Amino acid sequence: MLFRSASDAVPLALAGGLLAELALQGKVSVDHRERIVVVDRSSPSDLVLADALSTFADKEGKKPKDVLGTVAKGLGDRLYDRLAGAGVVEVHKVRLLPIRHFPLRDPAMRQRTWDDVAAVLRGDRSPESRTGTLLGLTVASGALTQVFPPTALGLSKRDLESRAREIAESDWAAGAVGRAVRDAQAATVAAV
């Protein structure tokens, strides 16, 4: 089941994910001074990515950690509402509280993603850009052991955290893209 966290870590991790996705698409980069550089200003077809790109363009030259908070504002609600509108999740409201739960309509989708990242954590596969990004942002948001319980992977908590940090810091994404993704992860940790 997907749930909304009261923590600021989730929206910041989502904003970091948008920065990483824009970097993977060649839209933004992070230079050697750790500053945002917009490489391609053409608007992505995805409205959430387009809004994020616009914000990064407005804040070009700043460090990612100084911009993610702006991108994160209202982002969780927008993404969950979009998932609900697309039929990926259901919306269950808790009576008398402003809390919503978002169970997946197709749990197999979550399981496939979980299995992909778990295989990387166990060392069965090498990380690729999206898996590495997802894992890095999960670590940055502080949700690693909640999303990937060590016992489910046959690892100790210490081994899981060590392996996850090693993957998040490894060079699975090269050059400016890798720098942008790593800075998105670092900025998420710093902003949290």
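These legends go with a few close-up views of a predicted model.

View 1. Helices (H or I, at least four residues) and strands (E, at least two) are DSSP runs, numbered from the N terminus. Of the 192 residues, 39% are buried, meaning under 20% relative accessible area with a 1.4 Å probe, protein chains only. Residues are numbered from 1 along each chain as its sequence is written, and side-chain values use heavy atoms, with hydrogens and water left out. Since the model is predicted, local features need pLDDT of at least 70 and side-chain atom pairs count only at pLDDT 80 or more, while totals for chains, interfaces and linings use all residues.

**View 2. Helix α1, residues 9-24.** Let's check its length: 1.5 Å times one less than its number of residues gives 22 Å for these 16 residues, and the end C-alpha atoms are 22 Å apart, so the two agree. Most of α1 is covered, with 12 of its 16 residues buried, including Pro 11, Gly 16 and Glu 21. After the helix comes Gly 26, with a positive phi near 80°.

**View 3. Where α1 meets α2 (residues 47-58).** The two axes (lines fitted to C-alpha atoms over the stretch in contact) come within 10 Å and cross at roughly 90°. That's why the pair counts as roughly perpendicular, a label for angles of 65 to 115 degrees. Leu 18, Leu 19, Glu 21 and Leu 22 of α1 touch Val 48, Leu 49, Ala 52, Leu 53 and Phe 56 of α2, where contact means heavy atoms within 4.5 Å. By class, that's 8 nonpolar, no polar and 1 charged residues; Ala, Val, Leu, Ile, Met, Phe, Trp, Tyr, Cys and Pro count as nonpolar, Asp, Glu, Lys and Arg as charged, and the others as polar.

How values were computed:
Buried < 20%, exposed > 50% of the residue type's maximum accessible area, 1.4 Å probe, protein only. Axes fitted to C-alpha atoms, helices over the stretch in contact; angles between N-to-C directions. Parallel < 35°, antiparallel > 145°, perpendicular 65-115°, else oblique.
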